[in-house]
Amino acid sequence: MLHLDHSWFRCILCFMWILVGEGLHGGETIGYWDFSQGMDSWTANPHIRNLQHGAKGVSMELQAPDPFLTSPQMACPAGKVVCVTVRMLSRAGSVGQIYFRQPFSEERSRSFVIQNDGQWHEYRVWLPTLAPRARFRFDPSFDEGLIELAWIRIEAFDEMPGELWAQPRELRNKKIIGGGLYTVNGAETAITPQFIAEHPEFNAHYPFDGIVLPAVLSREWVDSLGLTKLGMPLRPAFLHELLWNTVKIPDEAVAQTLADLQTMRRGNLTDNFLIFGMVDGARGLHTPNLADDHDWEAIQHNAVQAARLCRLGKLKGLWLDTEQYGQYRWRTRSGTPEFEPDQPQGLPFPLGKDAPEVLRRRGKQWILAIQAEFPEVKIMTTFAWSPDSNSYGPLGGVIPFLDGVLEGIQSPAEIIHGHENTFYFGHAPGTTHTHATKDGFPGDRNRYSTARAEIRNWRSLSNDPAKYDAFVKVGMAAWVEDHPWNTPPGWPNGTKASLWSNLPLALVTSDEYVWVWSEHTKYGQPERIEVNPFLASLSNQTWNTPKSTGSTFDEQFDSDPLTRGWYFDFDMLSIGRKATPADEAAIMDPSTVPYGWEKLTKCLKITGGLKVAGESSKKLIHQRRRYVRAVDPTDTCKAFTLAVDFHIQSFGDNQRNPMIIGLFQSDLPLDEHSLALRISSPEKVELVLAAQGEVLKFPVVQDDSLRPATPYRFELTYKPSKKQIQANLMTQSPPQQRFAIERDVTEAMLPWTLDELGIAIDEHGETSQQVYRFQIDSIRFNP
């Protein structure tokens, strides 16, 4: 049985409860079954046995490999989405699944996380619009065990409820590692260690915390081997292309790469990895026999060479791409035919030929040799223990090899299970890609939390589940094509293909790392002056760089504030989402967010409406929406002063959607903890203090009104010696207006642990046709 990380799980359940609570009113019940009396037309397959009905429902024994129940056929209203609610007690696996369209298939299903603690829980799973006559298949577990099922209810709704976007506290200390074709393609402009060493400005333009780098081999040494590709000398040749051949790679072959790694300017690139692939770059010329100790000696030597590069080059470890892109071949001496026809055919290289016991032995030797050179190595895998590794041909032999790695690994090393299939999560319907489907891939919280639970649950596929728990960390992958910021002129981009994943939620559900894959993008181009606001915002929320936090600052908005730690709330699946598969997707379009820096006027522009494709304003009412900078948390014993210069272009027509400027608490809603100026209308201007479940409102403007197109300054001061808050609001040009208030506050209401500063859109407000517009010209904060 899987033992879940319960603190993380409770956090996810909390989010799920909030979300479903907002969307379960007014549903039409289209099916309800109480299993205390019988199965009522639900049928069990042979892997479900010993059904016993009682007052609380039906208990049943689940047997591997695939226990499931099938519903009777039912009528589903046209154009409605469906919510399936299950009340269940489980002592089986941690993941359940509901199939909703026949013929049943993975893309026509939704998985969900099960709390397998032997207690009663209700699980709600949202499904898309269904056919008029539908059946459901319910898989209560992927594993053996016992469950009790009380009832199942199926309801139809007009739309799915919104869900909370990634919150800052969920992103803290998570890291994004970039990788893609741009590191090996492009000849002299490929992003290699040499390129970064020769272009010290690169790291200032690269949006991630690290990069997956290739090691370029010496041209002279490669030429001495006589290696070719498509009839031409193999140039450039990379270390990962020859690691699994019988040629020992000498120190001099990687000397220049090591020098580049040691001299390249890192900047924000704190967590970099070395590519360690599984390819036959010698094309059958130096094919190994893994069962032969002499051949293995060369492979082990090469692995140590890679570890040495990581240690001396100050890399975190290896990005182990376990997908075997080629097959075993043995070159003939004569060259006619090119390869030996009598040798085994169709075997994935290099792990597809040998018996599991050989692979386990070699896996253990591999990691022991690597750790002898680099004890704290991190191994980030693309595919590891998963059902795919048993069914997908290019992954043949991966699990036995990794079982050996698991057997030999020692602290402080770790394995990061960066399950590659997660980089499809969020791809739109009609995505143009080999593995895409007509229905697309869900990219919501449920899909990511399920993937996390599955990765933890795949401990059962390893030969040592306890050691798996100790050494295997949950990673995620995301496919992000960065149009238009980092797509070079003439390069194809992912606009029509919609190849981008829900990177924020991938970060939320990882333990630490998410690796990003790109095929159309070349990140870090110095000539690109504009910053990708979405990737910069994500990076700033992780707090991995010094610019992300601070105390005193003076923001004049002379340049893009996202380069200095500012961030905003967004969700990648809401940006440029396709209305139909035929539409042009505006990938990561800044017009979909209500705030942004304007280069011409050097200010922050804010609009009181949220233009998010495919999302209604109703579903976003309870969504956190801020443009802020992290500050050191306020202390009740320390004074602070805040000064904000701003203009109001126009007022909105809805006072329940006010302009909000001030200090906030990143973990809490505005009405639970904040100190801010709220401008609801020209006449209704208040200083609002929220803390300890209480909200105090102090009128600022009385017997007057604010004027549009007028420069104002808002000053806020806290004096701890008097437990007093002072606020001033004044014009900065004639005719003069000045409003001032001074209020004492109780101990319980003191402004403490406020850790964000900026603007916010009210989480309970409403948008309308006429929305407010204003701009922030400068902000100064002195604690």
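Which residue in S5 is the bridge partner of Thr43? The partner is Thr70, and the two strands concerned are described under the sheet heading below. The structure is a predicted model. Its protein chain holds 15 helices and 39 strands, and 58% of its 783 residues count as buried. Among contacts between residues at least 6 apart in sequence, 76% join residues at least 24 apart.

**The open sheet and its edges**

- Five strands make up an open, antiparallel sheet, in the order S2-S5-S12-S8-S9.
- The edges are strand S2 (43–44) and strand S9 (109–113), each of which has a single partner strand, so one side of each is left without a neighbour in the sheet.
- S2 is joined to strand S5 (residues 69–70) by two bridges, and these strands run antiparallel.
- Thr43 has Thr70 in S5 as its bridge partner.

- S23 pairs with strand S24 (residues 513–518) in the parallel sense, over four bridges.
- Within S24, Trp515 is the residue that stands opposite Ala477.

**Helix H8**

- Helix H8 (residues 293–312) has 20 residues and should span 28 Å at 1.5 Å a residue; its end C-alpha atoms are 28 Å apart, which agrees.
- At the start of H8, the backbone nitrogen of His294 has a side-chain oxygen of Asp292 within 2.9 Å.
- The buried residues of H8 include Trp296, Ile299, Asn302, Arg308, Leu309 and Cys310.
- These buried residues of H8 pack against several elements, among them helix H6 (239–242), strand S19 (317–320), helix H9 (356–373) and helix H11 (398–408).
- Lys314, which follows H8, has a positive phi, near 60 degrees.

**Arg266, a buried charge without a salt bridge**

- Arg266 is located in the loop between helix H7 (255–263) and strand S18 (273–276).
- Arg266 is buried but has no salt bridge. The nearest side chain of opposite charge is that of Asp271, 9.1 Å away.
- The side chain of Arg266 does reach backbone oxygens: that of Leu261 at 2.7 Å, and that of Gly313 at 2.5 Å from a polar side-chain atom.
- Leaving aside residues up to four places away in sequence, Arg266 touches Asn203, Leu261, Asn272, Gly313, Lys314 and Leu315.

**Tyr448 in helix H12**

- Tyr448 belongs to helix H12 (residues 445–457).
- Why does Tyr448 count as buried? Its relative accessible area is 0%, and the cut-off for buried is under 20%.
- A polar atom of the Tyr448 side chain lies 3.3 Å from the backbone oxygen of Asn502.
- Tyr448 and Thr422 are 26 residues apart in sequence, with their C-alpha atoms 7.9 Å apart in space.
- Beyond residues up to four places away in sequence, Tyr448 touches residues including Thr422, Phe425, Met476, Asn502, Leu505 and Thr509.

**Salt bridges**

- Side chains of opposite charge can pair when their charged atoms come close.
- The whole structure contains 29 salt bridges.
- One of them joins Glu407 to Lys364, at 3.3 Å from N to O. This pair links distant parts of the chain, with Glu407 in helix H11 and Lys364 in helix H9, 43 residues apart.
- Glu407 is partly exposed at 41% relative accessibility, and Lys364 is partly exposed at 31%.
- Asp511 forms a salt bridge with Arg452, their closest N and O atoms being 3.0 Å apart. Asp511 lies in the loop between helix H14 (503–509) and S24, and Arg452 lies in helix H12, so the pair ties together parts that are 59 residues apart in sequence.
- Asp511 counts as partly exposed at 33% relative accessibility, whereas Arg452 counts as buried at 5%.
- Arg456 forms a salt bridge with Asp469, with closest N and O atoms 3.8 Å apart. Here Arg456 is in helix H12 and Asp469 is in helix H13 (residues 465–471), 13 residues apart.
- Arg456 is buried at 14% relative accessibility, while Asp469 is partly exposed at 34%.
- A network of salt bridges links Asp569, Arg624, Arg626, Glu756 and Glu763.

Notes. Residues numbered from 1 in each chain as written. Predicted model: local features only at pLDDT ≥ 70, side-chain atom pairs only at ≥ 80, totals over all residues. Heavy atoms only, no water. Buried < 20%, exposed > 50% of the residue type's maximum accessible area, 1.4 Å probe, protein only. Lys, Arg positive; Asp, Glu negative; His and termini not counted. Salt bridge = Lys/Arg side-chain N within 4 Å of Asp/Glu carboxyl O. Polar contact = N/O pair within 3.5 Å; in protein donor to acceptor, adjacent residues only side chain to side chain. Contact = heavy atoms within 4.5 Å. Pairing = 2+ DSSP bridges. Expected span 1.5 Å × (residues − 1).
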